[in-house]
Amino acid sequence: MATVNIQNIQKNYGAVKVIHGVDIDIADGEFVVLVGPSGCGKSTLLRMIAGLEEVSGGEIRIGPREVSHMPARDRDIAMVFQNYALYPHMTVADNMGFALKLKKVDQSEIRAKVGRAAAILGLEKLLDRYPKQLSGGQRQRVAMGRAIVRDPQVFLFDEPLSNLDAKLRVQMRGEIKTMHQRIGTTTIYVTHDQVEAMTMADKIVVLHDGYIEQIGAPLELYDRPANIFVAGFIGSPAMNLIDGRMEEGAFRTSKGLILPLPQSLPADVGGRELIYGIRPEHIRAEPQGIEGRAILVEGTGSEIFARLDAKGEDIACLFRERFDIRFGDTVHMVIDPARVHLFDKQTGRRL
Amino acid sequence: MTSRIIREKTLDQVGLLFVAFVMVSPVILFFLWMISLSLKYEIDNGAYPPILIPETFAWSNYAKVFEENNFLLYFWNSVLVTGSATLLALIIGVPSGYGIARLKAEKSAVVIMIARMTPGLSFLIPLFLLFQWTGLIGTLWPQIIIHLVVTVPIVVWIMIGYFETTPMELEEAASIDGATPWQVFRMVALPIAKPGIVVSFILALISRGTTSSSA
Ligand SMILES: Nc1ncnc2c1ncn2[C@@H]1O[C@H](COP(=O)(O)OP(=O)(O)O)[C@@H](O)[C@H]1O
Ligand SMILES: [Mg+2]
């Protein structure tokens with residue numbers, strides 16, 4: 001186990017800069033999720049930490065060691081790849097014991113360690129099989145087993161669940177988290193799925209186009225997104241982001257919709273172009289509310305997701321109570337002013 | 001239901017066997033005819049209708065071959081030359097193919113290909129001079145080396161194709177697991193490329209015939 005410090009890390013491919021000086025501090029035993037849309041540089045960053053990609057600038061430390069230019073094999077890390085990367089010519093047991101074999105650990109000790117990891121992951125019966133004889137979920141477990149057996153200082157995961165079906169993904173998500181709580185190894189986990197990030201992370205790093213947008217605990221990001229990007233990215237369904245201005249003590253859109261504002265506002269919001277953010281789940285349906293016409297209604301049983309057209313603004317709502325709405329119905333919505341987020345449209349920053 | 005599937009499967013297999021038979025039958029017939037010829041006296045050779053199995057076998061033909069030529073020695077030499085040329089080609093070609101595939105250095109592979117396309121005769125004189133200087137004339141080395149000119153490019157090219165299809169992730173996983181580049185090659189890349197090695201072994205073996213003229 002170890003801390004990981006990333007300082008001003010940069011990566012260029014030729015003239016193209018894909019990581020622009022990133023700083024992340026990871027505490028010992030922390031579960032950190034790097035999240036961001038596809039192509040934002042998550043894998044590149046993770047691969048630089050792993051030593052699979054040369055860094056173009058900056059410094060990476062694992063514990064006290066400066067590893068920026070150390071080959072992967074000396075960094076004492078383990079990685080789980082998206083496609084599992086199991087050695088096809090080795091059995092499950094040999095896959096899991098490969099790193100120990102390279103370290104010239106005793107056969108009997110390797111067998112004991114592999115057995116222990118297999119027991120944690122429920123792989124005892126599969127140890128003599130080859131990877132091609134396993135299902136996706138089992139391969140995923142073997143890949144994790146290979147990482148556990150190593151007992152490394154840091155675990156790295158690169159979108160490990162994206163090849164599994166939805167149900168298995170939820171199950172494995174839980175298993176990875178349980179495993180982390182059990183063995184407590186510092187973990188850096190890459191995903192494009194903000195739900196995975198929210199459910200698994202101690203700390204989330206939101207990346208966008210090679211820059212860090214925000215670092216924080218899941219609920220911090222949810223409650224106080226630092227900018228429009230994080231506001232739109234974290235949370236599902238996504239936050240409503242509505243253009244408008246502060247005029248005469250209220251928020252008005254260009255189409256004339258008036259929305260409630262929080263009690264205390266920064267002094268300088270008047271006149272500026274603003275973005276008004278409200279999460280779909282913070283809108284209630286109540287008779288005294290703003291009128292809107294339902295243009296989409298999706299019920300999942302536990303909740304109703306609806307898009308309402310209010311004076312030409314398309315507003316997503318998530319209602320927990322069950323009531324009957326159909327396409328075209330008029331619904332009255334109440335926005336909780338305490339839950340409103342305001343952003344400066346120019347800078348994208350939270351006000 | 002199941003029985004029908006099974007029947008269709010057997011039908012498929014019979015069909016496949018038949019196709020295979022039709023495809024190889026000319027080769028088999030040709031081979032049989034050669035054996036027949038070798039066992040016939042000269043009068044029977046041009047007989048019409050042709051005789052496949054002569055009434056009396058001319059075993060003496062074989063005795064004569066072994067008497068007049070040092071047949072066993074030639075045969076042994078040929079095995080030695082082919083065998084060592086093929087093995088050397090694998091030893092040189094497989095790692096080169098790996099290196100070229102991993103360094104994305106296809107340009108160097110083109111150089112090897114050009115060497116392969118250049119008419120063999122243009123190598124012959126420089127090589128001959130080289131052998132003379134090094135005093136190798138009269139040994140089997142010149143023949144082996146000339147074969148390598150053909151077999152190495154074959155092996156390199158097949159192996160490049162194979163190593164390029166091996167997922168890079170596997171080798172990355174191995175290096176994270178603590179393998180040195182050489183261990184990655186030996187313990188991961190090489191075992192996975194086994195089918196490619198078999199294919200290039202066979203092709204290198206049978207490619208031999210084409211250069212025997214220059215030997
Ligand atoms: N080998 C490479 N050469 C050039 N550009 C690359 C290379 N690898 C990745 N990139 C670019 O770097 C950016 C980040 O890629 P990546 O880290 O894979 O994104 P993510 O994992 O977040 O989807 C992308 O725009 C991608 O096109
Ligand atoms: Mg990626």
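Analyst: What follows starts at the interface and then moves out to other parts of the structure. This is a predicted model, in which local features need pLDDT of at least 70, side-chain atom pairs count only at pLDDT 80 or more, and totals for chains, interfaces and linings use all residues. Residues are numbered from 1 along each chain as its sequence is written, chains are lettered from A and ligands numbered from 1 in the order in which they are written, and side-chain values use heavy atoms, with hydrogens and water left out.

Start with the interface itself. Chain B brings 17 residues into contact with 23 residues of chain A. Contact here means heavy atoms within 4.5 Å. The area buried between the two chains is about 1700 Å². Carbon and sulfur atoms give 65% of that. Buried area is the accessible area (1.4 Å probe) that two parts lose on being put together, summed over both. In chain B, the residues that lose the most area to chain A are B:E169, B:I176 and B:D177. Together they make up 40% of what that side buries.

Next, the polar side of the interface. Eight residue pairs are in polar contact across the interface of chain B and chain A, both residues at pLDDT 80 or more. A polar contact is a pair of N or O atoms within 3.5 Å; within protein, one must be able to donate a hydrogen and the other to accept it, and residues adjacent in sequence count only if both atoms are side-chain atoms. Two elements of chain B each give two or more residues to the side that touches chain A: α8 (168–176) and α9 (181–192). Helices (H or I, at least four residues) and strands (E, at least two) are DSSP runs, numbered from the N terminus. α8(B) gives the most, with seven residues. By class, the side of chain B that touches chain A has ten nonpolar, four polar and three charged residues. Ala, Val, Leu, Ile, Met, Phe, Trp, Tyr, Cys and Pro count as nonpolar, Asp, Glu, Lys and Arg as charged, and the others, Gly among them, as polar.

Stay with α8(B). Eight of its nine residues are buried, so this helix is largely enclosed by the rest of the structure. Buried means under 20% relative accessible area, exposed over 50%, and partly exposed in between (1.4 Å probe, protein chains only). Among the buried residues are B:E169, B:E172 and B:I176. After the helix comes B:G178, with a positive phi near 110°.

Now the charged pairs. Side chains of opposite charge can pair when their charged atoms come close. Two salt bridges are found across the interface of chain B and chain A. A salt bridge is a side-chain nitrogen of Lys or Arg within 4 Å of a carboxyl oxygen of Asp or Glu. One joins A:R47 to B:E172, at 2.8 Å from N to O. A:R47 also meets A:E53 in a salt bridge, at 3.0 Å from N to O. Both A:R47 and A:E53 are buried.

How many salt bridges does the whole structure hold over all chains? The search finds 16. One of them pairs A:E175 with A:R141, the closest N and O atoms being 3.0 Å apart. A:E175 lies in helix α5 (residues 166–183) of chain A and A:R141 in helix α4 (residues 136–150), so the pair ties together parts that are 34 residues apart in sequence. A:E175 is partly exposed, at 24% relative accessibility. A:R141 is buried, at 14%. Another salt bridge joins A:R272 and A:D344, at 2.5 Å from N to O. A:R272 lies in the loop between β13 (258–259) and β14 (273–278) of chain A and A:D344 in strand β19 (residues 341–344), so this pair ties together parts 72 residues apart in sequence. A:R272 is partly exposed at 26% relative accessibility, whereas A:D344 is buried at 6%.

Last, some backbone details in chain A. The peptide bond from A:S236 to A:P237 is cis, with omega near -5°. A:P237 sits in the loop between α8 (228–233) and β11 (240–247) of chain A. A:Y84 is not a glycine, yet its phi is positive, about 70°. A:Y84 belongs to the loop between β6 (77–80) and α2 (92–102) of chain A and is buried, at 7% relative accessibility.
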